[in-house]
Structures are given as C-alpha cells and as structure tokens.
Amino acid sequence: MKTKVFIFVVCSMVFLYGCSDKVPQVQHSADTKIFHQIDPDQTMVEQPILIQLTLPEQVQPQLSKVTGVNMYMGAIPLVWQQQTQTRWQAELLLGACAEPLMQWRVTVPLLNGEQQLSPYVFEFSTKQH
C-alpha cells in the first residue's frame, strides 16, 4: 500500500510540475500537512538554493542532511530556521561535480514535542551552469 501511495505521489508531482508555471509544492505522503518548496529556477550549482518547509505547528525539523543520489558526495548538513509558526527555511550551497545533472536527497528528521516522527524525505536535482 505504501508503495502504491509513493508511486501515485511521484507521478502526481511529475504531472503537476510539467503543467505549472508556479513553484511546485510537494506534499508528504505520510502527513497531508507537510510540504516542501524549492524554486526550480534556483537549482544551479554554486548558487544559494532556498528550501522552504511547511509543517504542523507542533512539529519541528531537526538537523537534516543532503546526500547525492547518482554520485557519492558525502552528507551535507542542513540547518532550518523558523520563519513563522509553521514555516521553516534553509539555505543550501552545492558545489559542481562531474555530473551535468545531479540528483540529491534531503532527509529531514522530525520532532513532535519529545516524540521522534518518521523523517520527511524528498529529492531534487541541480544542473551545471
């Protein structure tokens, strides 16, 4: 069942991304109140990438990590700053590598009070200049 939900979410993201001029908001499949947003025009290497995260009021993101999917690049820490009660933001700077199109995975551990929730995971890509 989880696999079917994941496949549906991924297919929906691809369809919506291709049909919209707006910045895509991607919904977490396990909780309808979790979204992330990255400006697709902003995903160039060696330039700041702004990631926004919308969470329920009581949920907080913990120190996160960004890892390469199609090439090992180590783990890059990602620190979130609270913008509003439900909106968090992090800035990321990624270096260039041999791949012209690099796939990245962001893993965000979540905390609800003292209770650890399952991490929120999403992927995005960067391209060379």
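I started at tryptophan 88 and found its place in strand 8, residues 87-92. Strands here are DSSP runs of E with at least two residues, helices are runs of H or I with at least four residues, and both are numbered from the N terminus.

I noted the ground rules next. The model is predicted, with local features needing pLDDT of at least 70 and side-chain atom pairs counting only at pLDDT 80 or more, while totals for chains, interfaces and linings use all residues. Residues are numbered from 1 along each chain as its sequence is written, and side-chain values use heavy atoms, with hydrogens and water left out.

**Entry 1: tryptophan 88**

Is tryptophan 88 buried or exposed? Tryptophan 88 counts as buried, at 7% relative accessibility. The cut-offs are under 20% relative accessible area for buried, over 50% for exposed, and partly exposed in between, with a 1.4 Å probe and protein chains only. I then listed what tryptophan 88 touches, leaving out residues up to four places away in sequence; among them are Ile51, Leu53, Val59, Pro61 and Trp80. Contact means heavy atoms within 4.5 Å. For leucine 53 I looked up the separation from tryptophan 88: 35 residues in sequence, but 5.0 Å in space, C-alpha to C-alpha.

**Entry 2: glutamine 89**

Glutamine 89 is also found in strand 8. With residues up to four places away in sequence not counted, glutamine 89 touches Leu50, Ile51, Gln52, Val79, Trp80, Gln81 and Gln83. With the side chain of glutamine 52, the side chain of glutamine 89 makes a polar contact of 3.4 Å. A polar contact is a pair of N or O atoms within 3.5 Å; within protein, one must be able to donate a hydrogen and the other to accept it, and residues adjacent in sequence count only if both atoms are side-chain atoms. I also checked histidine 36, which lies 9.5 Å from glutamine 89, C-alpha to C-alpha, and 53 residues away in sequence.

**Entry 3: the core**

I looked up the largest nonpolar core and found 23 residues in it. Such a core is a set of buried Ala, Val, Leu, Ile, Met, Phe, Trp, Tyr and Cys residues joined through side-chain atoms within 4.5 Å. Ile51, Leu78, Trp80, Leu92, Val108, Phe122 and Phe124 touch the most other members. At least two residues of this core come from each of strand 3 (49-54), strand 8, strand 9 and strand 10. Which strand gives the largest share of this core? Strand 9 does, with five residues. In soluble globular proteins, nonpolar side chains tend to be buried together.

Valine 108 touches residues including Leu53, Pro61, Trp80, Tyr120 and Phe122, not counting those up to four places away in sequence.

**Entry 4: an aromatic pair and a salt bridge**

I found one aromatic pair in the structure. Tyrosine 120 and phenylalanine 122 form it, tilted, at 5.6 Å centre to centre and 40° between the planes. Rings of Phe, Tyr and Trp (its six-membered ring) pair if their centres lie within 6.5 Å; planes under 30 degrees apart count as stacked, over 60 as edge-to-face and the rest as tilted. Tyrosine 120 is buried at 2% relative accessible area, and phenylalanine 122 is buried at 5%.

A search of the whole structure gave me one salt bridge. Its partners are the side chains of arginine 105 and glutamate 123, at 2.6 Å, N to O. The pair links distant parts of the chain, arginine 105 in strand 9 (residues 101-112) and glutamate 123 in strand 10 (residues 115-127), 18 residues apart. The term needs a side-chain nitrogen of Lys or Arg within 4 Å of a carboxyl oxygen of Asp or Glu. Arginine 105 is partly exposed, at 31% relative accessible area, and glutamate 123 is partly exposed at 39%.

**Entry 5: threonine 126**

Threonine 126 sits in strand 10 and is buried, at 1% relative accessible area. Its side chain joins that of tryptophan 104 in a polar contact of 2.9 Å.

**Entry 6: the whole chain and its confidence**

Of the 129 residues, 32% count as buried.

The average pLDDT, the predictor's confidence in each residue from 0 to 100, is 78, and 72% of the residues score at least 70. Over residues 8-31 the pLDDT is below 50. Where pLDDT is low, the predicted coordinates should not be read in detail.
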